Amino acid sequence: MRFHDLPVAAVLFVLCGTSVARPREADRSESISFEKHVRPILKAHCLECHGEGEKIEGGLDLRLRRFILAGGESGPGFIEGKPEESPVFERTAATDMPPGDTKLTAQELTTLRKWVASGAKALRAEPETIPDGVYVPEEERNFWSFSSIVAPEIPEVQQKSRVRTPIDAFLLRRLEEDNIEFSPDADRRTLIRRASFNLTGLPPSPEDVRTFLDDKDPLAFEKLIETLLESPEYGERWGRHWLDVVGYADSEGYTIDDSVRANAYHYRDYVIRAFNEDLPFDQFVREQIAGDELIGFPKKNLTPDETAKLIATGFLRMIPDGTGSAGVEQPVARNQVVADAIQVVGSSLLGLTLHCAQCHNHRYDPIPQTEYYQVRAIFEPAYDWKNWRNPKARLVSLYTDDDRKAAAVVESEAKAVDAEYQKRSDELIAATLEDQLVQHVPAELRDALRDAYRAAADKRTPEQHAHLKKYPKILKISRGSLYLYDREIRVKLAGLKKAFAESTKQRVAAAQSKTLDALQGDSAKLIIAAIQSPAAKRTDAQKSLLAEHPSIEVTPDNLQQFDQQAATELTQLQAEIDRTKERAPQLESISTRAKEIRKKKPAENFVRALTEVPGQIPDTHFFSRGDHRNPVQKMAPAVLTVPAPPHSGSIPANSETLPTTGRRLAYADHLTSGKHPLVARVLVNRFWMHHFGKGIVATPGDFGLLGERPSHPELLDWLATDFMQNGWSLKRLHRQIMTSTAWRQALRTIPTNDIDPDNRLLSGMSLRRLDAETLRDSVLAISGNLNSKQFGPPVPVMPDRVGQIVIGIENENAGRPGAKIDMKGEEFRRSVYVQVRRSRPLAVLDTFDAPRMAPNCETRPSSTVAPQSLMMMNSDFVLAQSDIFARRIVTDVGNDPGLQVQHAWELVFTQSPTEEEAMQALAFIEQQAEHLKEKPETKKLEKTDRNMTAEQLALASFCQTLFSSNRFLYVD
């Protein structure tokens, strides 16, 4: 059974309910309290039935300490100091409670037992009354990520000489607490390689490296960063990071069909352009959530800026959407789309697992189920599940009025050709009918059959049906079947041409004979001999003789001079040949003309956008247990209560100034107000993660109770504040981070007694593997084969002969792969432009942890597994690029092995080889060449597409070895 076969509620139970992370254990020096240690356990396991649900089971409310003491139908829930006599502990220890498979862990039971044994203490007096349902105590309300962002003071540190930016001060303060220092600065070669991969996803060229090394300016590194930030490759690299969070895909997913989204790429291009232009991130967020409402859509004749804002709403259209596929249970599929959209918003912007509150109150974070549906009400006017628009119906045309006028003019011209097509079609069908009647039908039946054919099918008499049944070739005559009757025409035409050739030969011979008979004199024999000789074999004398008597030789061209009647008969026969033409190609020619004319129309582009239907405002209902089949009360749109900044504005039910509800625009304004406690923190943390490999909060999609706590909370708040105060500029944030001493450090040396094994304190840089796209793109760049073309439709993928997904255009013939279609270099474009087909992950990317969007990717894993080595050893892509790389080396530096090794080393590693490394490389190439010379396969390869000698193959093998090395695959 697949997820989409289940109700949405069941899906979310699978996703949220089967794996329960645990509240933290109490510090040994910390006394156990109800609010801090016990209530989180009860919330995770018990409150759904005992306090927060529609009914309080057994009358036992566990939301407050005094409620537990008061007890329920079975008496008090605990007895102070006596855990074994306390029902709450007794029942959970006996695993009677909670019901189901998930029970309290040993750690949780220990905490509960100690709490009761120590007197079941609370931190403070509890409120006299609390509202029904979810109660949020002070500890949950004041959780670090829900607190307002306050800019901290930049700390004073001892190692002032290592402070380049405020970032260093925050990090050093924490390091100095443990008497740890920053690592030394990395060397320039390491820095340019690190910076290039970080900002562009490509290695630096040898020329760029030399320029940087030769630059004596103290601000050389800052200048390098500026150059990289201004390169078009920057947007491709950092846009890809955002596409992960969004869940970008070029196919719908959800069903096995996984139908292609032909227009999704417009959103991908929008993201890349936005990053390159350094679009303020608050505006970037507003456009993606409510770009349509920003421009007052629906409207016609969009400007380029308005078009971009509309395209931006693709942010909420990248999730799987199977509602356009046949055979799906529409209510389930539709509600899954809405749920996934909310999940993407929650993980990308709020850092919260909102989807875990769809079926019940969130077990850990202060998100009541009711508030989940209030947030859903913000998006439901665009995702109205009862008045649904499938993916095709949601496409928005970008045609302008001028485009339509130009298209109408072209269409008028094409319709004139259509009329010609129709007329000629009727003529050719009539001619075919007459041919068939003459050839196959007795004369006495021809009129009856002609009438039967022309009669409408539902008006034919039984006699006419009988006639046509007897002569099926008459019945089958149609525009589409003319090619079948053209076979007979070809036979007839061949006969006519043969008869014409034979008749021409006979008549020319007869006329020639008559002319020669009339010759007299001594020259007659010579003339006859010259004429009877083939033209190609005539002597010069014969040619001169015939030139002196031009009226003697008879040819098909001058036959009329000698026998006018014969020439007239041949002309008539030629005319019949000219009239005897195949009929289907005539129609095809006219049809092709119409198609060529229509190609002149302005191209009509469509965008995949999220929009609302003006005046159509659905009611949003609270679904009991998350099941759409159990709607309860209506829900008004609203933001989450606890993370909301003070005095947050309300979400309007229906805007008075916009053609649509304005709910999403109000929500976008709320998120980007600069006062929201989560958005800026979540964003800068994610950017930090891509610079250092791990975020200040290691769980970028979960800033809630189950997420990791920040390693440097004050630094996170300083970054968030600085980001917002300086125009939400990501490029400025890059500069802040990359010019810091922290980012410039050399690779961390691990001490003997390491107190920071995960390098959370950043006392040096961590080794990081190239991600999937960077690996493929770098191989192409180094081989000199990278196509830098930007934007446009995705490069297609397909299964190869063994089922592995590769780049290519499908060309099946009778279910088997046909000839390879030339892609004219498109196959060498950057990976961000390769089609993201959910059911067809590109093998070379998939092996290196490219994400599969379900619905999005919060953070990528970075695995080290055997298939990666096998891919680098056996992949057709790697082998082909190694060959091309070897050819590039020969082109660049010639056939000197020493120069070849030096050049290859610099291209791949941004370093020159040591003397020992160079000698080992030369020895390897020499040994490979000798080995390959002895193999008979090498001679065969010289005659194939590879066309490489043993020496060239050895160099290619060396290039592949460099590509497969850890030194290339990892960045210091």
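The model is predicted.

Start with the rings. A pair of aromatic rings is described by the distance of the centres and the angle of the planes. Rings of Phe, Tyr and Trp pair when their centres lie within 6.5 Å. The count here comes to 31 aromatic pairs.

Take F170 and W718. Their ring centres are 6.1 Å apart, and their planes meet at 45°, so this pair is tilted. Now look at where the two residues sit. F170 belongs to helix α7, which covers residues 166-177, and W718 belongs to helix α30, residues 713-725. The pair therefore ties together parts that are 548 residues apart in sequence. F170 and W718 are both buried.

Next, find W242 and F281. Here the centres are 5.5 Å apart. The planes stand at 85°, and planes over 60 degrees apart count as edge-to-face, so that is the name for this pair. W242 lies in helix α11 (residues 232-246), while F281 lies in helix α13 (residues 281-294). The pair thus links parts that are 39 residues apart in sequence. Are these two residues buried or exposed? Buried means under 20% relative accessible area. W242 has 3%, so W242 is buried. F281 has 2%, so F281 is buried too.

W242 and F281 also belong to a cluster linked by ring pairs.

The charged end of R194 sits over the ring of W743, 5.3 Å from the ring centre. The charged end of R394 sits over the ring of W388, and here the distance to the centre is 4.8 Å.

Now turn to Q343. This residue is part of helix α15, residues 330-350. Its relative accessible area is 10%, so Q343 counts as buried. What does Q343 touch, leaving aside residues up to four places away in sequence? Q343 touches H355 and P855.

Finish with the cysteines. How many disulfides does the model hold? The count comes to zero. C46 shows how this works out. A disulfide needs two cysteine sulfur atoms within 2.5 Å. For C46, the nearest cysteine sulfur is that of C49, 8.5 Å away. C46 is therefore in no disulfide. C46 is buried, with a relative accessible area of 11%. C959 is another buried cysteine, at 0% relative accessibility.

Technical notes: Residues numbered from 1 in each chain as written. Predicted model: local features only at pLDDT ≥ 70, side-chain atom pairs only at ≥ 80, totals over all residues. Heavy atoms only, no water. Phe/Tyr/Trp six-rings, centres within 6.5 Å; stacked < 30°, edge-to-face > 60°. Helix = DSSP H or I, 4+ residues; strand = E, 2+ residues; numbered from the N terminus. Buried < 20%, exposed > 50% of the residue type's maximum accessible area, 1.4 Å probe, protein only. Lys NZ or Arg CZ within 6 Å of the ring centre and 35° of its normal. Contact = heavy atoms within 4.5 Å.
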